[in-house]
Amino acid sequence: MCGIVGYIGNKKSAPILVEGLKKLEYRGYDSSGVALLTDKKIEIIKAEGKLKNLVEVLANYTSAQNSSHIGIGHIRWATHGVPNELNAHPHMSNSERIAIVHNGIIENYKELKISLEKQGHKFYSQTDTETIVHLIAQEKKSAKDLKSAVQNALKKIQGAYALCVISLDEPDKIIVARKNAPLLIGIGEGENFIASDIPAIIEHTKKAVYLEDDEFAIVKNDHYEIYDVLSGTKIEKTPEILPWEPIALSKNGYKHFMLKEIHEQPDVIRKNLFNRLVAIDRPIILNEVKLSPENLKNLERIQIIACGTSMHAALVGKYIIEEYTGIPVDVEASSEYIYRNTITNAKTLVIGVSQSGETADTITAIRQAKAKGSHILIITNRADSTMARDADSLICVDAGIEVSVAATKSYTAQLMSFYLLMLYIAETKGCIKTEEAAKIKEQMLQLPQKLEEVLSHKEKIKECARIFANSKDFIFIARGINFPVALEGALKLKEISYINATGYSAGELKHGPIAMLDETMPVLAILMKGRVYDKILSNAEESKARHARLIALTSSTDENLKSIFEIIINVPEINEILSPVITTVPLQLLAYYIAEFLGKDVDQPRNLAKSVTVE
């Protein structure tokens with residue numbers, strides 16, 4: 001989940017590397033570093049903690065900054081070895097003539113390390129990455145050039161990697177490689193860029209080539225060459241146009257990216273509905289689904305595989321797909337799916353959900369399902385991602401770049417994708433009445449306006465945040481279709497405020513969790529009008545009887561609620577089936593304001609990274 005940047009050209013490399021790393025801080029911020037290639041040496045500058053610490057240290061290296069036009073940089077999310085300066089990347093060979101940065105995990109690094117130590121290599125860090133630079137140095141002793149040394153080393157490595165390698169002996173190139181970790185080469189005029197993700201290079205170029213697994217490339221300032229790791233065969237690729245503009249990386253006046261991205265959700269919904277829901281009396285258009293109508297009608301089962309926030313969107317998807325199509329739906333965490341004997345076949349639609357499209361566990365899971373003959377449908381925010389390239393069908397959620405680590409607008413966009421998919425399947429199968437589908441579509445079109453109403457009346461949410469910001473624990477309860485929202489609300493609060501929050505099905509409170517309730521415990525009940533309203537209200541009263549402090553998130557205007565709940569957060573009324581879109585946003589805001597009151601780093605919460613590219 002680390003971030004990698006590289007630059008080769010005629011400009012000073014250090015400022016470009018630092019700016020690139022700033023754009024990749026969502027991938028990790030335990031430590032950072034750069035390797036600057038000068039005429040005489042490779043200068044390694046590293047710092048523990050946030051990137052600003054590296055910037056301060058770099059100020060002491062004026063000569064290296066002025067003379068270096070080739071460099072590589074790294075922002076770290078620690079896997080092997082604690083976050084400190086010694087374990088920070090880049091890592092250097094004992095000869096100090098080769099330096100690398102790495103994202104991924106080397107699974108056989110212990111065996112390689114033992115062998116390399118026997119051959120005289122001295123290790124200084126606790127990382128698996130240091131093994132790679134010593135392995136390349138060892139291969140260099142017998143290889144004709146750096147290219148051959150890197151290729152030979154890659155053949156001995158097991159695991160995942162995105163690599164950048166520079167050498168004092170061949171100072172006109174950067175060698176890059178990829179396996180199960182994203183990496184792209186940005187194409188400039190007399191200069192080229194390397195990065196883990198588009199944001200790092202979008203200010204410099206709109207053209208890039210994406211490396212695929214088991215590919216490596218020699219990148220010079222005026223050209224690049226791509227090769228297959230195993231065969232050494234040269235590969236020709238046509239550069240692609242990058243999909244974003246630099247303005248997408250601006251906060252646009254908001255204090256944090258998270259707050260900006262929360263407020264972008266009405267427009268994200270409009271984008272998702274555009275050209276897909278064209279009229280309430282016409283079928284949903286979802287050309288992205290490549291299953292034939294016949295195969296769609298013959299589906300026996302749907303499996304949805306996801307992690308974290310994406311899995312909560314998947315749980316809503318399960319509820320609505322089963323409700324309106326009658327197809328059994330299983331939702332499973334990718335990390336569990338990949339380690340058991342999964343039962344899937346050609347009559348199973350497997351849906352992978354991931355904001356980044358680079359979630360390692362989910363990639364492995366969909367590939368396992370694809371090998372068994374299942375049609376793979378991917379729901380992602382990144383049409384340029386690994387999962388998108390593995391897809392048989394691809395629904396891009398069109399949320400735009402999401403910088404804050406805590407997912408907000410991408411989650412809402414995933415929900416909208418599931419609503420559209422549900423209607424598409426139900427209409428194709430003929431199992432939803434035209435009148436009922438029209439009512440749902442009509443209210444889907446109202447969602448942006450209703451969310452704008454929520455976003456323009458945040459006073460009660462802020463008040464709730466002030467009152468409960470110092471809580472040590474927090475419980476969210478709901479039933480039915482809003483149960484996943486309770487899980488997501490708890491996750492958001494945990495992620496950015498570090499409060500121990502838990503989401504429960506309200507009916508399960510009495511089966512154990514009710515023992516935790518006392519006068520210090522906030523319990524937020526999602527109380528939307530519909531089939532389970534009375535049941536959740538009853539569960540809330542059970543909590544009240546145990547002296548819990550109650551908060552209602554509700555579309556009800558019942559005055560009697562004031563005698564039960566300490567705080568009432570009102571939201572617009574909506575068809576119960578669409579209510580997760582409405583109820584999610586106040587919980588995002590609640591988590592945001594609590595974290596802000598507590599002085600937490602909202603956009604970069606501790607220990608987390610945006611894209612989980614390691615298992």
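1. Strands S21 (residues 473–478) and S23 (residues 522–527) pair in the parallel sense, over three bridges. Ile477 stands opposite Ala525 of S23. The model is a predicted one.

2. This pair sits in an open sheet of five strands, ordered S22-S21-S23-S24-S25, with parallel pairing. The edges are S22 (500–505) and S25 (567–570), and each of them pairs on one side only. Neighbouring strands of the sheet are turned by 20° against each other on average, direction ignored.

3. Which strands does helix H16 lie across? Helix H16 (residues 459–468) lies across S21, S23, S24 (549–554) and S25. Its direction is at about 150° to S25. Helix H17 (residues 483–497) lies across S21, S22 and S23. H17 runs at about 175° to S22.

4. Helix H18 (residues 533–545) also belongs in this part of the note. H18 has 13 residues and reaches 19 Å from its first C-alpha to its last. That is close to the 18 Å expected at 1.5 Å a residue. Its buried residues are Tyr533, Ile536, Leu537, Asn539, Ala540 and Ser543. They cover an arc of only 160° around the axis, so they lie on the same side of H18. An α-helix has 3.6 residues a turn, so residues three or four places apart point the same way. What covers the buried residues of H18 includes S21, S23 and S24. On the other side of the helix, Asp534, Lys535 and Ala545 are exposed. Just after H18, His547 takes a positive phi of about 70°.

5. A further open sheet has five strands in the order S17-S16-S18-S19-S20, and its pairing is parallel. Its edge strands are S17 (329–333) and S20 (393–396), each pairing on one side only. The twist from one strand to the next averages 20°.

6. Within that sheet, S16 (residues 301–306) and S17 pair in the parallel sense over five bridges. Ala306 stands opposite Ala333 in S17. Helix H10 (residues 308–325) packs on the sheet and touches S16, S17 and S18 (348–354). The direction of H10 makes about 170° with that of S17.

7. Is S1 largely enclosed or largely open? Six of its six residues are buried, so S1 is largely enclosed by the rest of the structure. Gly3, Val5 and Tyr7 point one way from the strand, while Ile4, Gly6 and Ile8 point the other way. In a regular strand the side chains alternate between the two faces of the sheet. Residues on both sides of S1 are buried.

8. S1 has two pairings to check. Six bridges join S1 to S4 (residues 70–76), and these two strands run antiparallel. The partner of Ile4 in S4 is His74. S1 also pairs with S10 (residues 192–195), in the antiparallel sense and over four bridges. Here the bridge partner of Tyr7 is Phe193 of S10.

9. Next, the nonpolar cores. The largest has 93 residues. Which of its members touch the most other members? They are Ile302, Ile351, Phe418, Tyr419, Met444 and Phe474. Helix H14 (residues 409–429) gives the largest share of this core, 13 residues. A second, separate core has 30 residues, among them Val34, Leu58, Phe193 and Ala200. Phe193 is also the bridge partner of Tyr7. In soluble globular proteins, nonpolar side chains tend to be buried together.

10. What does Met444 touch? Leaving out residues up to four places away in sequence, its contacts are Leu273, Leu277, Met416, Tyr419, Leu420, Leu423 and Leu578. Tyr419 is, like Met444, among the core members that touch the most others.

11. Gln138 lies in helix H5 (residues 129–140). Is Gln138 buried or exposed? Its relative accessible area is 17%, so Gln138 counts as buried, the cut-off being under 20%. Gln138 touches Leu116, Gln119 and His121, not counting residues up to four places away in sequence.

Technical notes:
Residues numbered from 1 in each chain as written. Predicted model: local features only at pLDDT ≥ 70, side-chain atom pairs only at ≥ 80, totals over all residues. Heavy atoms only, no water. Pairing = 2+ DSSP bridges. Axes fitted to C-alpha atoms, helices over the stretch in contact; angles between N-to-C directions. Contact = heavy atoms within 4.5 Å. Buried < 20%, exposed > 50% of the residue type's maximum accessible area, 1.4 Å probe, protein only. Expected span 1.5 Å × (residues − 1). Arc of directions from axis to C-beta. Core = buried A, V, L, I, M, F, W, Y, C linked by side-chain atoms within 4.5 Å.
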